[in-house]
Amino acid sequence: MYKNYAKYDEEMSKIGLWVLFVTLLVIFFWLIYEFYQSFNHEPTYRWESSFNIVGLPFIIFVFLALIVVTKSLIKKSFS
């Protein structure tokens with residue numbers, strides 16, 4: 001029984017990592033797209049262009065989280 005539970009727990013962990021990976025990947029591409037679009041339109045107000053850089057730390061954070069999840073997924077898949 002314990003071997004089956006450990007195997008089940010390992011499979012659920014892999015599925016959770018895949019879901020997290022796909023979610024972070026979609027968020028990352030969406031943030032990159034929004035960041036790109038923010039530089040391609042003329043700002044309505046003069047101060048609006050200063051808010052383009054606000055999303056950059058969040059893009060970096062999502063990218064680092066994506067790297068950690070990918071590393072963990074590779075480790076669990078090939079071990």
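This is a predicted model: local features need pLDDT of at least 70, side-chain atom pairs count only at pLDDT 80 or more; totals for chains, interfaces and linings use all residues.

Colleague: Why is Ile-67 called partly exposed?

Modeller: Its relative accessible area is 40%, and buried means under 20%, exposed over 50%, partly exposed in between (1.4 Å probe, protein chains only). Residues are numbered from 1 along each chain as its sequence is written, and side-chain values use heavy atoms, with hydrogens and water left out.

Colleague: Which helix does Ile-67 lie in?

Modeller: Helix 2, residues 55–77; helices here are DSSP runs of H or I, at least four residues, numbered from the N terminus. The chain has two helices and zero strands (E, at least two residues).

Colleague: What makes the largest nonpolar core a core?

Modeller: A nonpolar core is a set of buried Ala, Val, Leu, Ile, Met, Phe, Trp, Tyr and Cys residues joined through side-chain atoms within 4.5 Å. The largest has 10 residues, among them Leu-24, Leu-66 and Leu-73. Helix 1 (2–40) and helix 2 each supply at least two of its residues.

Colleague: Which residues does Leu-73 touch, leaving out those up to four places away in sequence?

Modeller: Lys-14, Leu-17, Trp-18 and Phe-21, where contact means heavy atoms within 4.5 Å.

Colleague: And how much of the chain is buried?

Modeller: Buried residues make up 15% of the 79.
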